[in-house]
Protein chains: 2
Amino acid sequence: MVAGSKSEQAYQAVKARIIEGAYTPGYRLVLGAIAKDLGVSVVPVREAIRRLEAEGLVTFERNIGATVAGIDPTEYLYTMQTLSIVEGAATALSAPLIDPAAIARARAVNEEMRDCLDHFDPIRFTRLNQDFHSVLFEHCPNPHILDLVHRGWNRLASLRSSTFGFVPGRARGSVEEHENLLRLIESGADSDQIEKAARLHRSATLDAYLAQTETA
Amino acid sequence: MVAGSKSEQAYQAVKARIIEGAYTPGYRLVLGAIAKDLGVSVVPVREAIRRLEAEGLVTFERNIGATVAGIDPTEYLYTMQTLSIVEGAATALSAPLIDPAAIARARAVNEEMRDCLDHFDPIRFTRLNQDFHSVLFEHCPNPHILDLVHRGWNRLASLRSSTFGFVPGRARGSVEEHENLLRLIESGADSDQIEKAARLHRSATLDAYLAQTETA
DNA sequence: CCCATAGTCGTCGTATACGATTTCGTACTT
DNA sequence: AAGTACGAAATCGTATACGACGACTATGGG
């Protein structure tokens, strides 16, 4: 069996369900139920849940149980801020290692996003957004930083409806900033500049979100 | 029992032993042995080990077991680089929230470090160094970032003999940079400057380490 | 004398079982 | 009628038990 241990299977299964939205935030994760559903006993499921807790995807209370981590606006802010920092760093570290082919791929994705702007589909747009950024930071040579970036994205993925669903006006600016980022990388700009640009790109989304929730 | 669950006890116990050096890197963590030692069964110990794995303090291989995470030079580099980024950010975010009393406390610690320079005691110096930086970043309002900083420090703590034991010449420069950092914070310098200074402070230690290992 | 292979031992992985704790429903009291 | 106290059901936490996998070792063949 290539899937590995039961524990690993449970981890992947539950994680997938959270990220794809089958388990919505606040959903009560009952060990016995999940175990029966997956055809394993509770022990591997417990391990899986604890791993997910360490990643911040679920919260866990002693003698109470686990629930899918919520999207408390404060938590959202913290997660975005953290991601802006680590993703900025990851992008800057990746930049020198990105070959022209990858840049072209990213640009193609961004153009697709631009096309999306009119007949707007938040889900699709968010997916393309992730694809775009993946190209930029996946070459990061430091696996720890890369892992932190992935964790941040995963946490945000819990928001099924996507950030851009909440802040529609942000999409257009985002596409422009993507193009700027690509130009910076192509021109071999120095590390600081790229890092700052990548960080600001994310902060801008956060600010847009904050501006909207304040007026609401 | 205020200590909480057996799982939590096991987690704290094993973590403490790793950090204080009772379990040295590469040490084989046998579940049954630890369980018997702590007077619990293997199940809570398993959970504890998995949590420590998520924090990077131990490595785990299927059907093989857990060992205390090593200090592979490459890993050291990655950890220091990651820490330079998150600690820099944490320090910058903390800076506006640090009151004069805290600054004075940090300065006192730094003077103690300066005194240490002559009759040099690496262990003590490293401990003071941690105290100093704690004052600077503990006010960070973003708990995620703060957590990442703590994890980084914990990983480095596995190196019992301390960084400054490996790179003696670095100590004096470090003390000077500390004073500069304090002045920046006191003068209310802008966030970018503080972040850059804090990051460079750590990078300098890393560079010193690299320079030494290359010549060796 | 060295290498291969089979057997044994140690350790991990998971299932099952039982005690502990919480939560919810119900009945009783004020 | 509302609040409280008691009890039962559900769920978690841990122990124990057994099967599975990997690593050591000893023995036989080259």
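**View 1. Helices that line DNA strand D.** In this predicted model, three helices each supply at least two residues of the surface near DNA strand D: α2 of chain A, and α1 (6-19) and α3 (42-54) of chain B. The most comes from α3(B), which gives 3 residues. There are 16 residues around DNA strand D. Those that come nearest are Leu31(A), Gly65(A), Ser5(B), Lys6(B) and Ser41(B). By class, the surface near DNA strand D divides into 7 nonpolar, 7 polar and 2 charged residues.

**View 2. The contact between chain B and chain A.** Each chain gives 21 residues: 21 from chain B and 21 from chain A. On the chain B side, α3, α4 (73-94) and α7 (143-157) each supply at least two residues. The largest share is that of α4(B), with 7 residues. The side of chain B that touches chain A holds 9 nonpolar, 7 polar and 5 charged residues.

View 3. The domains do touch: 8 residues of domain 1 of chain A are in contact with 6 residues of domain 2 of chain A. On the domain 1 side, the touching residues are 5 nonpolar, 2 polar and 1 charged.

**View 4. Helix α10 of chain A.** This helix runs over residues 191-215 and has 25 residues. From first C-alpha to last it reaches 36 Å, close to the 36 Å expected at 1.5 Å a residue. Its buried residues are Ile194(A), Glu195(A), Ala198(A), Arg199(A), His201(A), Arg202(A), Thr205(A) and Ala208(A). An α-helix has 3.6 residues a turn, so residues three or four places apart point the same way. Among the buried residues of α10(A) are Ile194(A), Ala198(A) and Arg202(A).

**View 5. Confidence along chain A.** The mean pLDDT of chain A is 91, and 95% of the residues score at least 70. Confidence is lowest in helix α8 (residues 163-166), with a mean of 62. It is highest in helix α2 (residues 31-38), at 96. Helix α2 of chain A is also one of the helices that supply at least two residues of the surface near DNA strand D.

Conventions
Residues are numbered from 1 along each chain as its sequence is written. Chains are lettered from A and ligands numbered from 1 in the order in which they are written. This is a predicted model: local features need pLDDT of at least 70, side-chain atom pairs count only at pLDDT 80 or more; totals for chains, interfaces and linings use all residues. Helices (H or I, at least four residues) and strands (E, at least two) are DSSP runs, numbered from the N terminus. The expected span of a helix is 1.5 Å times one less than its number of residues. A residue is buried if 20 or more other C-beta atoms lie within 10 Å of its own, exposed if 12 or fewer, and partly exposed in between; C-beta atoms are placed from the backbone. pLDDT is the predictor's confidence in each residue, from 0 to 100. A residue is near a molecule or strand if its C-beta atom, placed from the backbone, lies within 6 Å of it. Ala, Val, Leu, Ile, Met, Phe, Trp, Tyr, Cys and Pro count as nonpolar, Asp, Glu, Lys and Arg as charged, and the others, Gly among them, as polar. Two residues are in contact if their C-beta atoms, placed from the backbone, lie within 7 Å.
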